[in-house]
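Welcome! Let us walk through this structure together, with an eye on the places where its chains meet.

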Amino acid sequence: MSNSGLEFPAPVGGSHVAAVHDPFHGDLLEVSMGPHHPSTHGVFRMMVTLDGETIVKLKPVFGYLHRNHEKLGENTSYLASMPYTDRLDYLNSMTNNWAYALAVEKLAGQPVPERAEYLRVILAELTRLLNHVCLAGFLLQDTGASGTPLMYAFREREKILDLFESLSGSRMMCNYQRFGGCRVDASPEWLAGAKHITDNFGRFLDEYEELITGNEILMARTQGVGALSPELAISAGITGPMLRATGVDYDLRKVDAYGVYSRFNFRVPLGDHGDTYDRYMIRVLEMRESITILQQALRDLPAGPIMDPKAKIRGFRPKAGEAYGRIEGPKGEIGFYLISDGSPNPYRYRVRPPSFVNLTVLEDMCLGQTIADAVIILGSVDIVLGEVDR
Amino acid sequence: METLEQIRDRLLARFPGAEVTLVTNPGAAAQHSLSLGLAHAAAMALFLRDDAELKLDYCSNVTGVDWPEKEIIESTKVSVPDPAGGPAKIVEQKTKRIQPGSLEVVYHLYSMAKKHGPVIIRLRTANRTDRANVPSLTPVWRSCEFQEREVFDLFGVKFDGHPDLRRILMWDEFTAHPMRKDYVEPDDYEWEPTPHGTVLDKAKAHYPPSALVAAAPAAPAHGAPTHAAPAPKEAPKP
Amino acid sequence: MLGSGLLQGLKVTAKNIAGSFHDPERLVTVEYPEQKTKLPENYRNFPFLVSENATDPMGTLRCVACQICEKECPPQCIYIEKSKDKKPDAAGKMQVYPAVFDIDTSVCMSCQICVEVCPFEAIKMDQVFEIATTDRFNALLLDRNQLAKPNSYYHQIHPTEAAEVDGRLLAERKAAEEKAKAAAAAAAAKAAAAAAAPKPVATPTATAGAPGAVAATVSVAKPATPPAAAPVSATPPAAAPAASPAQNAPASDGKAAP
């Protein structure tokens, strides 16, 4: 291997292209894509070795956004970590909040009132809609459809963000869930607005699919690209839509049935090929299922308190012990692992980030593809660097 | 799913001589775990993955936990016979003992095939310095690859048999392991003037006063002493 | 037919172009500086301090410098120094006030935790978002003069929330006054009874055994008792147990404890 010159030189700052001589394949080209590259969704770098246009080796490099979120969590109180979880996956603050609240509730044995559970489901499904619609837009941006589909996606996302803003006070950094409930109750006007958006979202999806799904260019660029086998996906701990695109039926909303998900009637869409097109289609289908969950949740939302009366905001100290709580986030399984030693701060605070683990197989999916496809494959993994780097 | 006791007994039957202990969790979650001896850990992990009953094919979460050296004071009650022949006195004796520090790696295993879980396994290193090794489980579950690299990066646990053990979040030239409890951040970590004393004090110790003055020109109007930049120290007049 | 998907897509684009001129569902943006959308009531930005009175904001701050928000603030952007002296608050009670209260808005992340943990309803979230400055350091460090805003302003930006808070504060104040009155009356009655038949009941244990909630309200009530009542009741601790009607039950186990 050392003769072939495939060894990487020590990483240098900035873009870097070097020719590497390989007696069998002729000259290989080593390209450092990123960290400042429009297709990498943030500061992400791929060290790619190319044989002509074909990828023979790819190593993801990240950590540019690392701020040691877990250390911050260990140095602040349980409550103070809640707004920091908004900043993990900054598109999906509601589900991050829920995962953290769930882990702490498990740790402290804290019950949650029913209305709060329903509100959580509503907000999580709205978050799923906005994440998937964003992903579809960005994926098309990566294939070269600059602007138009992304802006349509952002327009729909905007409406959901307005809902979040009027409920929690902030568009993206919601900081809404609390241990034992939610912070603010939803007014009837808010619920009417949510219902309006839910009812109209299906029509938007129809239009969006008309625009994209049957598009010959999209099919040519994504079908058969970046295929992932179910065995590798399971072994590599891939979760979320990326796993289900390979045909593995594993959705935590069904498996764990956390919250009140067992009361809703919905299906789990599964793919066949595990390629980029399947990953895109799974998300479109999941959005349709989310709409049905939302309709049921908005219909059945009970009256009552949104906060457990015994829940504590100040001076929250769970008993010593540990807990791992996980939910099905839009990007996959997001979990929090907490160890308490009885003090106001967690002894250990760990985030199980879905997009970080999903990146494990990036090289496997990209080998043998062209460099232009690597961009689409990365887009279909759906990473957010705030969560990958933490 | 089988209980942890059953799993432990089966592991012990299958791997005679292996160490498997049940670690109970006193908290409300009651997620108990199995602590595996390092010698047979990789083989036992493979067994857990391939066993037809368990089929723990999905390793969800890999975590490091730092347990630094701890001084434990134990008080025991000892009855001392009274030399005068009276009833024996009970005297409390305090013994100090140092619990050796270790690093722990926790794996959360689930089964996608059977949809059960979690089975939590823990591996403990012998100490925190020269013998901070555990066998890597990346050959068993591919999902450990990046997560073990992260544990190596932030905690300094060395995974024997990991295919590509490099730093993942910190840069390659970084030497310390920031998630350890005894990690001290460098004093030039952050030096922008904030109203808070600690950051500012550190910055004052690290930088010459002139650098701070250049960054933040004037103290705020009400002039609380710890605020913003310190006034430049006048050179002692001769 | 190859290309039919493309044509279909173009149809959708055309529909959107035409729709953006008349359908508000297809055009969600506004021309910002000229046009502004209405902020939702729950919108939050940076914190401010509530003062009761617009004419004397420094004199009527609700904040009593308890420093809970300073401790709980996740990015540690609040800095408080307690005053050495005391000033009467809105209820006429002598209270410590913040001599220095700073918020570094370049660090603040608008998470609202200070508002949630404040037991005195003294800090609330503002809605002013056009706060760009040319100075990165001092202009973003807000002191208490800049932070103090009257309660009427709070009513203006968060009407329902403010009404609820005011109602709660009023009820608390009334309850405290009534408690104080009842306590004074009971103390007087007790003092009279004690004068008639002096018997040393374990009054201090009753305070120890009283539930926390009762103890808290009593401590609020105590300073509000007219000072004239104090010399009348010979034993000041007697006022505390008298305020709790259920004092007999805890007194029994209170006796067993020592």
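How many residues does the contact take from chain C, and how many from chain A? Chain C brings 32 residues and chain A brings 35 residues. Please keep in mind as you look around that this is a predicted model.

A residue count is one way to describe such a meeting place, and area is another. The size of an interface is often given as the accessible area lost when the parts come together. For chain C and chain A, the area buried between them is about 2,800 Å², and carbon and sulfur atoms account for 52% of it.

Now look at the pairs that reach across. Between chain C and chain A there are three salt bridges. One of them joins A:E210 to C:K11, where the closest N and O atoms lie 3.7 Å apart. The interface of chain C and chain A also has 16 residue pairs in polar contact, counting pairs with both residues at pLDDT 80 or more.

Which elements of chain C give two or more residues to the side that touches chain A? They are α1 (4-22), α2 (68-72) and α3 (113-117) of chain C. The most comes from α1(C), which gives 10 residues. Sorted by class, this side of chain C holds 16 nonpolar, nine polar and seven charged residues.

Next, turn to the place where chain B meets chain A. Here 46 residues of chain B are in contact with 47 residues of chain A. Together, chain B and chain A bury about 3,700 Å², with 54% of that area on carbon and sulfur atoms.

Which residue of chain A forms a salt bridge with B:K181? The partner is A:E74, and the closest N and O atoms of this pair are 3.1 Å apart. In total, five salt bridges are counted between chain B and chain A. Polar contacts link 26 residue pairs between chain B and chain A, again with both residues at pLDDT 80 or more.

On the side of chain B that touches chain A, at least two residues each come from β3 (58-67), β6 (102-111), β7 (116-124) and α3 (144-155) of chain B. The strand β3(B) gives the most, with nine residues. By class, this side of chain B has 23 nonpolar, 11 polar and 12 charged residues.

Key. Residues numbered from 1 in each chain as written. Chains lettered and ligands numbered in written order. Predicted model: local features only at pLDDT ≥ 70, side-chain atom pairs only at ≥ 80, totals over all residues. Heavy atoms only, no water. Contact = heavy atoms within 4.5 Å. Buried area = accessible area lost by both parts, 1.4 Å probe. Salt bridge = Lys/Arg side-chain N within 4 Å of Asp/Glu carboxyl O. Polar contact = N/O pair within 3.5 Å; in protein donor to acceptor, adjacent residues only side chain to side chain. Helix = DSSP H or I, 4+ residues; strand = E, 2+ residues; numbered from the N terminus. Nonpolar A, V, L, I, M, F, W, Y, C, P; charged D, E, K, R; others polar.
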